[in-house]
Amino acid sequence: MSRIGKQPIAVPSGVTTSAQDGVFKVKGPKGELTVPYNTELTIKQDGDQLLVERPSDAQRHRALHGLTRTLVANAVKGVSDGYTINLELKGVGFRAKLAGKALELTIGYSHPVVIEPPAGVSFAVPEPTKIDVSGIDKQLVGQVAANVRKVRKPDAYHGKGVRFAGEKISLKAGKAGATGGKGKK
């Protein structure tokens, strides 16, 4: 039995769910999401918990079991709490600011880079070197954060660029053994 798939999903108060014809719908205080799932699986609500069940132990059903349970759990958490990914800017003169809803980055190019958020995602800039990407869809929030990071990936030699908060960048070592001499003959 799938260790992830058999776990129940707690449904917080104020969240309503329905599963019909391969589409799971969840509505909560932050918004509404739909998750498509394979119709061979069943999603049952038992009080304030959801259970994802599979028809057999076939390899295909086992693979879909854990995946479906995780996608449903992410949707339930998204409409109740939401998701936020924090980014940091490292580098001299690197800063971010909001221009309306868009994010404007000054990160060492000859021009500022403007990133428009897709529907359901918002940017916040608590400090000039910190960016918060927020929304209810975990996958979309992660993709937008990755796209912001991709504008200027952290440099392996100096460590400057856009990185996830807490991300460790292993810097490449400089040349060792150059002592200023002419070398051996």
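Buried means under 20% relative accessible area, exposed means over 50%, and partly exposed lies in between, with a 1.4 Å probe and protein chains only. Helices (H or I, at least four residues) and strands (E, at least two) are DSSP runs, numbered from the N terminus. This is a predicted model, in which local features need pLDDT of at least 70, side-chain atom pairs count only at pLDDT 80 or more, and totals for chains, interfaces and linings use all residues. Residues are numbered from 1 along each chain as its sequence is written, and side-chain values use heavy atoms, with hydrogens and water left out.

**Strand β12**

Strand β12 covers residues 130-135. Its covered face holds Ile-131, Val-133 and Gly-135. Lys-130, Asp-132 and Ser-134 make up the uncovered face. In a regular strand the side chains alternate between the two faces of the sheet.

Two strands pair if DSSP finds at least two bridges between them.

| Pair | Sense | Bridges | A bridge partner pair |
|---|---|---|---|
| β7 and β12 | antiparallel | 6 bridges | Ile-85 and Val-133 |
| β11 and β12 | antiparallel | 5 bridges | Val-121 and Gly-135 |

A hairpin links β11 to β12 through 2 residues.

**The sheet β1-β6-β5**

An open sheet is built from 3 strands in the order β1-β6-β5, with antiparallel pairing. β1 (9-10) and β5 (42-46) are at the edges, each with a single partner strand, so one side of each has no neighbour in the sheet. Strand β6 (residues 49-53) runs antiparallel to β1, and 2 bridges join them. Ala-10 has Gln-49 as its bridge partner in β6. Strands of a sheet pair through backbone hydrogen bonds, either parallel or antiparallel.

**Two loop residues**

Asp-21 sits in the loop between β2 (16-20) and β3 (23-28). Its phi is positive, about 50°, although Asp-21 is not a glycine. Most residues other than glycine have a negative phi. Asp-21 counts as exposed because its relative accessibility is 75%.

Lys-101 lies in the loop between β8 (95-99) and β9 (102-106). Buried or exposed: which is Lys-101? Lys-101 has 69% relative accessibility, so it counts as exposed. Contact means heavy atoms within 4.5 Å. Leaving aside neighbours within four places in sequence, Lys-101 is in contact with Pro-117 and Phe-123. Lys-101 and Ser-122 are 21 residues apart in sequence, and their C-alpha atoms are 7.2 Å apart in space.

**The whole chain**

The protein has 2 helices and 13 strands. Its radius of gyration is 23 Å, well over the 16 Å that the globule rule gives for 185 residues, so the protein is more spread out than a compact globule. That radius is taken over C-alpha atoms, and the rule is 2.2 Å times the number of residues to the power 0.38. Along its principal axes the C-alpha trace spans about 75 × 50 × 20 Å. Of the 185 residues, 34% count as buried. Among contacts between residues at least 6 apart in sequence, 50% join residues at least 24 apart.
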